[in-house]
Amino acid sequence: MNQHHLLLSLLLTTLISTATPHFIVEKNTVKVISPEEIKGEREAAIANYGIPSYGGTLTGVIIYPDSKTTGCNDFGTTFKSKSGRPVILLIDRGDCYFALKSWNAQLAGAGAVLVADNVNEPLLTMDTPNESFETEYVANITIPSAFITHSFAETLKSHLKTSPDKEIVVKIAWPMPHPDARVEYEFWTNSNDECGERCDEQMEFVRNFKGKANLLERGNYTLFTPHYITWYCPEAFVQSKQCNSQCINKGRYCAPDPEGDFGSGYDGKDVVMENLRQLCVHRVANSLGRAWIWWDFVVDYHIRCSMKDQKYSASCAQDVVTSLGLPFDKIKDCMGDPDADKENDVLLTEQIVQVGHGTRGDVTILPTLVINNVQYRGKLESGAVLKAICAGYKEGTEPHVCLTPDMETNDCVENNGGCWQDPKLNVTACKDTYRGRICKCPSVNGVQWQGDGYTSCKAVGPGRCSMNNGGCWTESKDGRTFSACSDSNVNGCKCPTGFTGDGYTCVDINECKEKTACQCEGCSCKNTWGGFDCKCKNDLVYIKGEDTCIGKNMSRVGWFLTILVISCVVGAGIAGYIFYKYRLRSYMDSEIMAIMSQYMPIDNQNVEIATMRDDAQA
């Protein structure tokens with residue numbers, strides 16, 4: 001057995017020495033929105049567990065626990081922010097698994113977790129611990145987690161310490177390239193079904209995602225490619241029994257022994273052959289325009305040809321291929337000769353693409369999902385993966401499967417998504433989109449609201465007064481209603497005549513006390529809400545506009561003079577109007593005649609010209 005371990009160590013050493021590792025830490029962004037003094041955008045590393053909100057964002061408040069800062073034990077409380085926004089719990093690195101920290105944070109009500117590094121170093125990917133009965137909680141983690149640098153964490157902690165009453169609001173974003181109407185994704189897997197929980201996880205995902213994958217592929221919404229990792233045997237051991245049992249094509253393509261026992265059960269080369277067959281199933285099916293058949297084959301093969309039932313064989317695979325209506329001879333030709341001392345085109349391609357390029361790192365762990373050239377991080381679960389794929393479509397081109405009720409989650413249901421709202425009017429700034437909720441002041445019944453969307457929105461423009469009176473003061477009393485809102489103004493509030501204030505609060509003016517009205521001689525003033533009553537002495541009538549009194553009765557001479565004056569004014573007005581119309585018409589006629597004379601002969605001119613011609617001839 002020591003010889004076996006030596007061989008595996010040499011094989012691994014050879015792989016490392018012949019290729020430079022190119023592991024990419026998949027990152028997202030953490031943007032500090034407030035307070036002003038620490039505003040800015042920083043990078044974080046996405047954890048390889050939980051469910052990241054690819055293509056979406058989460059705006060929340062940073063909370064650093066007073067105790068149990070490593071998050072290795074149950075917090076025994078529920079964290080809540082003062083503003084009601086989701087809690088993003090800041091936890092220190094150390095003392096336990098990363099996943100356990102996130103699990104305890106989830107139990108304490110956190111919407112996301114930021115794990116703070118305890119040393120200054122590059123970002124790293126937080127992975128899941130090895131499977132055991134003590135780590136069963138990993139499968140139940142649904143909140144996203146990310147790893148942040150020591151310096152960023154210290155900035156957050158310092159501000160929380162010096163300004164404990166001032167919330168730190170951050171927006172976490174999980175980017176996903178979405179250039180066009182088709183998503184390209186690849187799934188790195190293995191046909192070995194005896195590798196424990198990790199293999200069970202892969203198979204459960206394939207089984208649950210098969211229907212969605214079929215719909216996407218049939219509609220040409222995706223370009224899917226399966227991949228399988230293979231290794232090679234060091235040249236010095238190519239002729240050894242171990243390499244012969246684990247490899248094909250003279251040590252070029254190998255897989256670990258499924259049971260870890262070289263002396264019994266299935267060998268690594270059995271796994272390599274089945275991996276190769278599944279690759280060829282996809283190639284042949286794709287050439288026939290039925291690429292989605294790969295998903296059916298993998299699921300059916302797992303059910304009908306499992307290692308546990310001792311049916312993991314070529315003959316069982318042939319039965320599955322035949323049942324799916326694929327030509328087995330073409331698949332066999334695609335696989336080639338496993339005993340030949342030459343490269344296999346299919347497996348060689350797999351080894352080439354396994355190496356990272358551009359922004360995509362090497363594929364070093366199984367399973368690995370790559371979407372639009374970005375390695376997916378998080379729980380390998382059907383719904384989570386579909387969301388990530390749907391985030392890869394250009395806005396507005398998502399297929400129907402991405403818009404089903406099961407897929408569309410309304411982030412505005414809980415706490416209104418942390419956005420502004422007016423419960424009385426049932427108006428909210430929270431808008432749920434496929435990529436997550438956004439806080440944006442809405443447009444309701446043709447009325448536009450403006451503001452930051454988080455703490456305030458105000459109605460502006462025409463019709464704004466119909467929405468909560470535009471946010472302005474209004475009050476009714478004694479059957480009368482006054483308002484500081486006017487639709488003639490696009491915004492702002494102004495107290496109406498008879499009131500004073502800033503428009504949001506208005507108080508009645510006592511015109512009598514302040515002596516701004518009813519100051520005529522002998523007048524008596526009485527203040528009313530929004531105005532005043534002024535009474536004159538004797539039988540005089542108060543004229544408000546002139547703040548004066550006049551008599552109710554006049555003599556015949558007075559009436560005659562009044563009527564005479566009015567008649568003169570009216571007559572002068574009519575005469576002036578008639579004179580104006582006459583002068584205007586005369587002026588217009590002369591102008592028209594002058595213009596026309598320039599472009600066409602006039603009768604008088606024709607006569608004059610004719611006379612001149614007669615005189616000339618004479």
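**Strands, helices and confidence**

Q: Over how many bridges do strand β19 (residues 447–450) and β20 pair?
A: Strands (E, at least two residues) and helices (H or I, at least four) are DSSP runs, numbered from the N terminus. Two strands pair if DSSP finds at least two bridges between them. Here Q448 has V460 in β20 as its bridge partner. The pairing of β19 with β20 is antiparallel, and its bridge count is three.

Q: What is the mean pLDDT of the chain?
A: This is a predicted model, in which local features need pLDDT of at least 70, side-chain atom pairs count only at pLDDT 80 or more, and totals for chains, interfaces and linings use all residues. Residues are numbered from 1 along each chain as its sequence is written, and side-chain values use heavy atoms, leaving out hydrogens and water. The predictor's confidence in each residue is its pLDDT, from 0 to 100. In this chain 83% of residues reach 70 or more, and the mean is 83.

Q: How many contacts beyond four places in sequence does the model have for residues 599–618?
A: A contact means heavy atoms within 4.5 Å. Residues 1–21 stay under 50 in pLDDT and have 21 such contacts beyond four places in sequence. Where pLDDT is low, the predicted coordinates should not be read in detail. Residues 599–618 also stay under 50, and their count is three.

Q: Which strands stand at the edges, each with a single partner strand?
A: An open sheet with mixed pairing has four strands in the order β9-β8-β12-β13. One side of each edge strand is left without a neighbour in the sheet, because each has a single partner; these strands are β9 (222–228) and β13 (374–375).

Q: Which residues of β12 point the other way from T368 and V370?
A: In a regular strand the side chains alternate between the two faces of the sheet. Residues are called buried under 20% relative accessible area, exposed over 50% and partly exposed in between, using a 1.4 Å probe and protein chains only. All four residues here are buried: T368 and V370 point one way from β12, and the other way point L369 and I371.

Q: Which residue in the turn of the β12 and β13 hairpin has a positive phi?
A: The two strands pair in the antiparallel sense over two bridges. I371 stands opposite V374, and V370 stands opposite Q375. Two residues lie between the strands, and the one with a positive phi of about 50 degrees is N372.

Q: At roughly what angle do the axes of α4 and helix α7 (residues 293–304) cross?
A: Axes are lines fitted to C-alpha atoms, for helices over the stretch in contact, and angles between N-to-C directions run from 0 to 180 degrees. The residues in contact include F205 and F209 of α4 and W295 and H302 of α7. By class, the contact residues are eight nonpolar, two polar and three charged, where Ala, Val, Leu, Ile, Met, Phe, Trp, Tyr, Cys and Pro are nonpolar, Asp, Glu, Lys and Arg charged, and the others, Gly among them, polar. The two axes come within 9 Å and cross at roughly 145 degrees.

Q: How many of the nine residues of helix α11 (residues 382–390) are buried?
A: Among the buried residues are S382, V385, L386 and C390. The cover over them includes β8, α4, β9 and β12. Helix α11 is largely enclosed by the rest of the structure because, of its nine residues, the number buried is seven.
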